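Hi there,

Here is the structure I promised to pass on.

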Amino acid sequence: MFINCLFIGICLYVSLMYVIRCNACISTGVSEFFNMSWIREGELNLIEKLSANILKAGPMPKHVAFIMDGNRRYARKRHVERQEGHTQGFDKLAETLRWCLNLSIHEVTVYAFSIENFKRSKDEVDGLMELAKQKFIRLLQEQENLEKHGVCIRVLGDLTLLPLDLQQHIARAVVATRTHNKCFLNVCFAYTSRHEIANAVREMAWGVEQGLIKSSDVSEALLGHCLYSSNSPNPDLLIRTSGEVRLSDFLLWQTSHSCLVFQSVLWPEYSFWNLCDAILQYQLNHRPLQKARDQHREGQALQQHEADRACVADLLQHHGNGKPLDAQRRQEALLNYTASREERVQDFLGALQHKRDSFLTDLTSQAALA
Amino acid sequence: MAIVYEFVWQVLHVLLHIHRTLITWFRIRLRNWNGRLWSRALTALIVPMALSFPNQKNIVPAPGKRVGRRYRWGADGKSLEKLPDHIGLLIAEEEPRYTDIANLVVWCMAVGISYVSVYDNYGVFRRNNSRLMDEILKQQQELLDLEGSKQLCVEFLNNGTDKQDQQVLSCQSVLKVLSPDDGKLRIVQAAQQLCRAVEQRDKTSNDINVTVLDSLLRESKSTPDPDLVLKFGPVESTLGFLPWHIRLTEFISLPSHVGVSYEDLFSALQRYASCEQRLGK
């Protein structure tokens, strides 16, 4: 009896895996005329909808990050120009965003252009900058559509490394969609994780210089709030296509406890089933990762508590009159210190956000004047 | 309708777990079966062969065989197109087996990898590093000869000093035992150091860049970033392993460190040797 059940179960499983894996292997076929838009309208077909509903019965990632690798290899494979590979890659991004929305994944971060990519040939870099400019101009033309879907676009990276006109287009796009809050697309442009972390440290040092915070206020949580991605939660799932198994300086801080899925499909050939496969991996890893994350958070809280205690002990030693305080007074001093530290940190983060907003607004007013 | 979807989802996940368990079970059975077959063939042919199957641990090979093995492993390392300078062993499993990890460390060093790091998510190795060291020394003696054993130098990852740089030069291989504190916490400590310098007007915020932060986070000037991390266990994550250092690290997953064989390690190294790093270009 048990053998029969096991047999049926295995058949069911094998057929389901076959459906998912087989669909994932089927190429997208002849390229249709794609709407070059950021948002691809359309719904899932019946089988896709069914699979989506089954997946949604389990834990779903709220924020997915993509390393969209494989555009050039795709172009070589299809014997087309490299630029065509990048264009198809962008179209695939629009399609993937629509799938994510259908799967109720409301935040997506993509790695569009690394600071290391500046090392490529001038032609290729110029081509990519031009493609980006066209896309951001197109974005501004589609404002109504974006408002309808509530899409908020953010660009993470060191924008000062980009040509000024592209900076201005980006600034206008980000400012225009700033208030939207249904779904979020973070585009990493002129970005590497090390630059992001070094920039966060520099911002904290700026805070110290301005007298907004003390060096003892520096903590893991504060560093996280100073990253370019401070307005987003950490990604639950990171997907890299084209078979490479490295992170290439992408969200190294934010993905320390994320589920990493490396898939061999090339980005322009990515399909809904590849995405389902990745989400399945996420669901299998959900519990152990949750446990690891909770443990890390507890450790962080403990460290913060110890740091606050050490600061208070230091303060009492310097400002006290030599007499040791009783436990209650010490506890009061600790609570006061923690409250004042948190207030300092909030003021600093407010000032930092204002600095970043002003940078973008200045760019948009420059663009308006030009 | 939602109940139906939930039921199907539950069934799917139960089947996936069964699938995973069956694969692990088959892998171990296949190896044991292979091992028994080989041991019979060996005893029948009376041909000395290198010890490569874990269930034959109770057979202690003669010294001659150990030398043979060391040279074979060294030759294997040289035969690869590229060998990582620094390999990380990320144990993402609940209960670490010290003997298996010690084997991995000894094999890595025998193959010619200069820096080996061992990491687990709970900081168990850090807390029990003396036990790990003992196990490594024991496995060294079992697997290698006296000459090979001398080449192991053990160093703990802590703030680099010149003295430690000298120690590193005299050893052929260096082992580092890492914990989550060496990851984000180290970066935060470096950030605090820089902010203190700014507070004391020794630096300005504009002096802070990737190079400055990197030099603070580099334990000694000679230690390279990990080129390859072998992850053991079913969890698909870095689990806090050195976030700053892994920007270009290749990640290869192996199902488990329990009963891992030299062949498993070598095939992972072969896979590493075949990958191409374009470095953004």
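Chain B has 10 helices and 6 strands. Please keep in mind that this is a predicted model. Chain B is 281 residues long, and 49% of them count as buried. Its accessible surface comes to about 14100 Å², with carbon and sulfur atoms accounting for 56% of that. If you take the contacts in chain B with a separation of 6 or more, 71% are between residues 24 or more positions apart.

Now to the nonpolar cores. The largest one has 87 residues, and those touching the most other members are A:Phe66, A:Phe189, A:Leu237, A:Phe250, A:Tyr270 and A:Leu275. Helix 10 of chain A (residues 272–319) gives the most to this core, namely 11 residues. Apart from that core lies another, of 42 residues, which includes B:Ile87, B:Met133, B:Ile136 and B:Leu265.

Leaving out residues up to four places away in sequence, A:Phe66 touches, among others, A:Thr96, A:Cys100, A:Val108, A:Tyr111, A:Ile239 and A:Trp267. Its partners also include A:Phe250, A:Tyr270 and A:Leu275.

Finally, the surface. In chain B, a nonpolar patch of about 470 Å² is made by B:Val14, B:Ile18, B:Leu22, B:Trp25 and B:Phe26. Of these, B:Leu22 is found in helix 1 (residues 2–45) of chain B. B:Leu22 counts as partly exposed because its relative accessible area is 34%, between the 20% limit for buried and the 50% limit for exposed.

Notes:
Residues numbered from 1 in each chain as written. Chains lettered and ligands numbered in written order. Predicted model: local features only at pLDDT ≥ 70, side-chain atom pairs only at ≥ 80, totals over all residues. Heavy atoms only, no water. Helix = DSSP H or I, 4+ residues; strand = E, 2+ residues; numbered from the N terminus. Buried < 20%, exposed > 50% of the residue type's maximum accessible area, 1.4 Å probe, protein only. Contact = heavy atoms within 4.5 Å. Areas by Shrake-Rupley, 256 points an atom, 1.4 Å probe, with all protein chains shown as cover. Core = buried A, V, L, I, M, F, W, Y, C linked by side-chain atoms within 4.5 Å. Patch = residues over 30% accessible without salt bridge, like charges linked within 9 Å, V, L, I, M, F, W, Y side chains within 5 Å. Salt bridge = Lys/Arg side-chain N within 4 Å of Asp/Glu carboxyl O.
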